Amino acid sequence: MNKNNPDILIINGSPRKNKNCFNIINKIEIELNKNNLTYKIFDIYDMNIEYCTACGFCEKTGYCKYKDDMTPMYEMFDKSFGTIVVSPVHFDSISAKLKTVVDRTQAIYASKYILKKSCIDRNKKRIGMYIAIGGSDPYPSQFKGGEIVMDFFFKSINAKLNYKCYINSSDKLPFNNNYEANKIIDENINKYITSIKELG
């Protein structure tokens, strides 16, 4: 593994501190540290990230016209071995700020599919994980919107979304008190780490 750049990028899509997403990321950190994998956490609600305005600039240049806290993430997506996204469920989808991050990867998409001069190494294997936390009891469409958006996001950054974890009823039973949810995260993060190590 290249230690000059983080092995794993973790995107925290929640604006709430010390709640479910925060606690899940803490658990992930512990396992990554045990396995000597480097990582960087992006608390996106503390970051200055402009909205994508579909201006078409990236379709001509291959990069985004905005220079903000999103800018260094483009290179990190390229150099990392994987990305983990953790988000609350908002209206059957991801949080608003996380959708902004997803939209800004249009610059990568444009370089790959419109200009045919990819700013990201398309031959490099990367692995994605998406963890969604729904506050309400389960219902059929609860995670569908987020899954569709995340599928596009991981395709854009050239990572295979091999791991999806969906947790519901967190308003009644917080993650730290939810044995089954903790078991799901433990099992999946261990599989994820094994997959990442196999890439190196």
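Q: How much space lies in the largest pocket?
A: This is a predicted model, in which local features need pLDDT of at least 70 and side-chain atom pairs count only at pLDDT 80 or more, while totals for chains, interfaces and linings use all residues. Residues are numbered from 1 along each chain as its sequence is written. A pocket is an open set of points on a 1 Å grid over the protein atoms alone, where a 1.4 Å probe fits, with protein on both sides within 12 Å along at least five of seven lines. With volume taken as the space filled by probe spheres set on the points, the largest pocket holds about 400 Å³.

Q: Which element gives the largest share of the lining of the largest pocket?
A: Lining residues, which have an atom within 4 Å of a point, number 24 here, and Arg16, Asn20, Gly135, Ser170 and Asp171 lie nearest the centre. The largest share of this lining, three residues, comes from helix 1.

Q: What is the order of the strands in the open sheet of five strands?
A: Strands are DSSP runs of E with at least two residues, helices are runs of H or I with at least four, and two strands pair if DSSP finds at least two bridges between them. The edge strands, each pairing on one side only, are strand 2 (39-43) and strand 5 (160-167). With parallel pairing, the order is 2-1-3-4-5.

Q: Which residue of strand 2 is the bridge partner of Ile10?
A: Strand 1 (residues 8-12) pairs with strand 2 in the parallel sense over five bridges. Within strand 2, the partner of Ile10 is Ile41.

Key. Side-chain values use heavy atoms; hydrogens and water are left out.
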